[in-house]
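Hello,

I am passing a structure over to you, together with some notes on what turned up in it. Have a look at it first, and then read on.

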Amino acid sequence: MKSVFQIRTYFRSNSVLILYATIIAVAQSSCTSDPQKRPSPLRTDSATVRGIDAYIEFSSPGVKDRKIFGSGSEFLVPYGEMWRTGANNATYVSFGSDIMVDTFLLDSGRYALFTIPDEREWIVIFNKEWDQWGSYNYKDSLDAFRLKVAPWYADQSQERMLFYFAEDSLKFRWDKVRWAIPLNLPPEALR
């Protein structure tokens with residue numbers, strides 16, 4: 001027959017094992033490697049723009065009742081500061097052939113897309129180091145170019161950040177902010 005001490009020790013040791021197993025299960029579910037189950041799920045869009053294959057990949061954060069764009073530390077994305085334009089890895093865009101992005105010629109390939117938001121004008125940056133986490137290792141010496149876009153504001157909020165190709169342009173929307181960049185064939189392809 002087991003003593004009260006042996007029985008108590010048995011239950012205590014098993015309680016510790018159950019506690020550890022629970023902690024490990026919770027940690028694994030919150031740190032999932034599945035990009036679709038992250039708090040900012042991985043999203044993509046692809047299209048053929050004027051005969052050129054175009055692709056964009058980004059992590060899509062949600063508004064979640066937060067203040068998104070503005071001046072000051074209470075905003076998730078402060079005006080005037082470099083932003084990876086999404087969450088997790090930097091957003092990247094890929095084009096199968098050379099393409100005109102607004103007035104700039106962009107060689108075919110992959111590019112990280114960074115932005116510096118502001119109320120009246122956003123700076124959009126196409127950077128040659130496409131595979132990087134956030135904007136922590138951003139180097140302006142690797143910029144293909146920077147362009148300026150004018151945002152407009154919708155009445156309805158877009159909960160999840162979204163990039164998509166439409167009407168020969170790359171479009172952005174999140175919260176109440178919207179902007180678009182025209183895409184076209186290079187001049188020599190139009191001849």
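What is the order of the strands in the open sheet of four strands? The order is β7-β6-β12-β11, and the pairing is antiparallel; strands here are DSSP E runs of at least two residues, numbered from the N terminus, and two of them pair if DSSP finds at least two bridges between them. Three antiparallel bridges join β6 (residues 99–101) to β7, and V101 has F104 as its bridge partner in β7.

Before going further, a word on the source: this is a predicted model, where local features need pLDDT of at least 70 and side-chain atom pairs count only at pLDDT 80 or more, while totals for chains, interfaces and linings use all residues. Residues are numbered from 1 along each chain as its sequence is written, and side-chain values use heavy atoms, with hydrogens and water left out.

Now to the rings. The structure holds 17 aromatic pairs (Phe, Tyr or Trp rings, the six-membered one for Trp, with centres within 6.5 Å; planes under 30 degrees apart are stacked, over 60 edge-to-face, the rest tilted). F69 and W122 make an edge-to-face pair, because their ring centres are 5.3 Å apart and their planes stand at 65°. This pair ties together parts 53 residues apart in sequence, since F69 lies in strand β3 (residues 69–70) and W122 in strand β9. Both F69 and W122 are buried (under 20% relative accessible area; exposed is over 50% and partly exposed in between, with a 1.4 Å probe and protein chains only). F104 and F145, by contrast, are stacked, at 4.6 Å centre to centre and 5° between the planes. They are 41 residues apart, F104 in strand β7 and F145 in strand β10. F104 counts as partly exposed at 28% relative accessibility, whereas F145 is buried at 8%.

One more residue to look up is Q132, in the loop between β9 (122–127) and β10 (143–149). Q132 is buried, with a relative accessible area of 6%. Leaving aside neighbours within four places in sequence, its contacts (heavy atoms within 4.5 Å) include N89, F114 and Y138.

Best wishes
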